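Biologist: I am new to this structure and would like to learn how to read it. Could we go through a few features together?
Modeller: Gladly, let us look at it side by side.

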Amino acid sequence: MTSSERHRYLEHARDLFNQGEYWLAHEALETVWRSIIKEEEARVWQGLIQAAAALLHRARGNRHGTVVVGAAALQKLAGPQQLEIEFETVHFRAQLARALAGEGDPPRLEFRNA
């Protein structure tokens with residue numbers, strides 16, 4: 001995947017995620033994840049994919065799916081911001097934890113400041 005193709009997928013995934021289209025965002029994020037070779041980077045992408053799935057479960061009222069998939073997402077998103085990941089993940093993870101606990105709105109997926 002070229003850099004420009006990756007950026008297009010990420011913009012598309014961000015837009016879908018922020019519109020609440022979690023299943024479609026999940027699919028777009030998986031396209032990028034499949035192109036990753038480094039295990040540590042792939043783990044964070046898996047966390048973002050699982051975040052989308054957990055929020056889909058939340059929107060559908062599936063508490064068990066929200067808790068189980070959400071916990072897996074939070075675990076994979078733990079730690080400092082990785083430079084290879086274009087999206088901001090530290091604040092995102094905190095917002096996700098609050099949303100999954102029923103204490104706030106779903107997080108927004110945003111590009112990190114360079």
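Biologist: Which residues form one aromatic cluster?
Modeller: Phe17, Tyr22 and Phe92 do. A word on the source: this is a predicted model, where local features need pLDDT of at least 70, side-chain atom pairs count only at pLDDT 80 or more, and totals for chains, interfaces and linings use all residues. Residues are numbered from 1 along each chain as its sequence is written, and side-chain values use heavy atoms, with hydrogens and water left out.

Biologist: How do I read an aromatic pair?
Modeller: In general, a pair of aromatic rings is described by the distance of the centres and the angle of the planes. Rings of Phe, Tyr and Trp (its six-membered ring) pair if their centres lie within 6.5 Å; planes under 30 degrees apart count as stacked, over 60 as edge-to-face and the rest as tilted. This structure holds four such pairs. In one of them, the ring centres of Phe17 and Phe92 are 5.7 Å apart and the planes stand at 55°, so the pair is tilted. Phe17 belongs to helix 1 and Phe92 to helix 5 (residues 90-100), so the pair ties together parts that are 75 residues apart in sequence. Helices here are DSSP runs (H or I, at least four residues), numbered from the N terminus.

Biologist: Are Phe17 and Phe92 buried or exposed?
Modeller: Both are buried, where buried means under 20% relative accessible area, exposed over 50%, and partly exposed in between (1.4 Å probe, protein chains only).

Biologist: What kind of aromatic pair do Trp45 and Phe87 form?
Modeller: An edge-to-face one, with 6.0 Å from centre to centre and 70° between the planes. Trp45 sits in helix 3 and Phe87 in the loop between helix 4 (63-77) and helix 5, so this pair ties together parts that are 42 residues apart in sequence. Trp45 has 0% relative accessibility and therefore counts as buried.

Biologist: And how do I read two packed helices?
Modeller: Two packed helices are described by the angle between their axes and the distance between the axes. Axes are lines fitted to C-alpha atoms, for helices over the stretch in contact, and angles run from 0 to 180 degrees between N-to-C directions. Helix 1 (residues 3-18) packs with helix 3 (residues 39-59) at about 30°, the axes being 12 Å apart. That makes helix 1 roughly parallel to helix 3 (angles under 35 degrees count as roughly parallel, over 145 as roughly antiparallel, 65 to 115 as roughly perpendicular and the rest as oblique).

Methods: Helices (H or I, at least four residues) and strands (E, at least two) are DSSP runs, numbered from the N terminus.
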